[in-house]
Amino acid sequence: MVWMKDPKTGRSKRTVHCGWCYETGHNRAGCPHLDEAMKKRVEDLKKQIERGVFENSHWDESKARFEIDRVEKRYGRGKTRRKSTCSYCEDEGHNRRSCEIRKDDISSDVQKTLSARKEFAVRLDLSGFGPGALVIINKNYYGACDELPALVDSIIFAAITHENAFGGNNDFSRLAIARGFPTEDYPKGRTYPISLPLEVVDIHNLATKKKLHCYTQFDAYELVSPVNVSVPDEFLTLEGCSRGVHLSGKFEGRRPLEYSNPHYPPEEE
């Protein structure tokens with residue numbers, strides 16, 4: 001890059017300077033003379049190989065072929081650029097940031113989450129499970145010597161999506177924290193990650209004895225003293241639901257099967 005005086009204004013301005021032909025207005029990477037010289041060089045080397053100029057020297061022929069390969073890569077740079085492929089839907093011509101399919105899938109998930117959260121809010125209020133509720137922790141579940149009383153400390157409302165409903169992909173999630181009363185070993189009270197009650201998460205009425213045999217988290221505690229429950233203001237807003245969907249990380253990888261495969265989930269026998 002050099003400074004040159006503009007003949008019209010008389011002021012100095014910067015301009016690029018080519019390191020190949022020493023002309024101004026372009027650099028070596030965009031030099032048309034260099035491209036022509038490279039093309040001619042490749043043609044000359046190929047003609048020499050065809051005429052057998054290097055037949056007595058394998059080393060010189062290898063050098064020539066290496067130079068041809070190197071120059072052709074340089075000469076063809078940017079000319080045959082491969083189309084970008086979306087890492088979400090695997091279609092060509094765009095990336096995941098601009099993927100319309102991904103945006104539509106997220107929008108669909110947000111609407112599903114809003115619908116589920118409305119049902120969650122009603123069921124939480126009816127069950128009385130919320131911060132301040134008294135529960136009895138099952139001694140067998142947490143390996144305690146006796147059943148332990150604890151208070152529901154918090155519910156992770158921001159992370160709740162339709163996937164946390166019974167039968168969903170994240171229905172094993174423990175979205176609440178219970179805290180025991182202070183003891184000598186736990187001066188601030190021991191904390192217990194617990195799931196929401198079955199009557200809260202079973203919004204599609206899918207729970208049966210056959211399905212419940214592996215859902216041991218619902219036996220971890222017993223609700224003995226319910227409270228009045230109110231959900232946060234943003235819990236039932238599209239913005240809050242969108243935040244919950246993004247927190248789940250569901251759309252950070254490839255397109256989920258429920259959107260990419262019309263036969264998912266498979267029908268139960």
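## Loops and a helix pair

R97 is exposed, with a relative accessible area of 72%, where exposed means over 50%, buried under 20% and partly exposed in between, for a 1.4 Å probe and protein chains only. R97 sits in the loop between helix 2 (58-75) and helix 3, and its C-alpha atom is separated by 8.6 Å from that of C86, 11 residues apart along the chain. Helices (H or I, at least four residues) and strands (E, at least two) are DSSP runs, numbered from the N terminus.

This is a predicted model, in which local features need pLDDT of at least 70 and side-chain atom pairs count only at pLDDT 80 or more, while totals for chains, interfaces and linings use all residues. Residues are numbered from 1 along each chain as its sequence is written, and side-chain values use heavy atoms, with hydrogens and water left out.

Most residues other than glycine have a negative phi.

How do helix 3 and helix 7 pack, and at what angle? Helix 3 (residues 100-127) and helix 7 (residues 238-248) pack at about 115 degrees, with their axes 9 Å apart; the axes are lines fitted to C-alpha atoms over the stretch in contact, and angles run from 0 to 180 degrees between N-to-C directions. The two helices are therefore roughly perpendicular to each other, a term that covers 65 to 115 degrees.

In their contact, which means heavy atoms within 4.5 Å, I106, D109, V110, Q111, T113, L114 and R117 of helix 3 meet L238, G240, C241, S242, G244, V245 and H246 of helix 7. The residues of this contact divide into 6 nonpolar, 6 polar and 2 charged, with Gly counted among the polar ones.

Within helix 7, the buried residues are G240, C241, G244 and V245. They cover an arc of only 140 degrees around the axis, which puts them on the same side of helix 7; the arc is that of the directions from the helix axis to the C-beta atoms. Helix 3 is included in what covers these buried residues, whereas the face of helix 7 turned away from its buried side carries the exposed residues E239 and L247.

Note on methods. Parallel < 35°, antiparallel > 145°, perpendicular 65-115°, else oblique.
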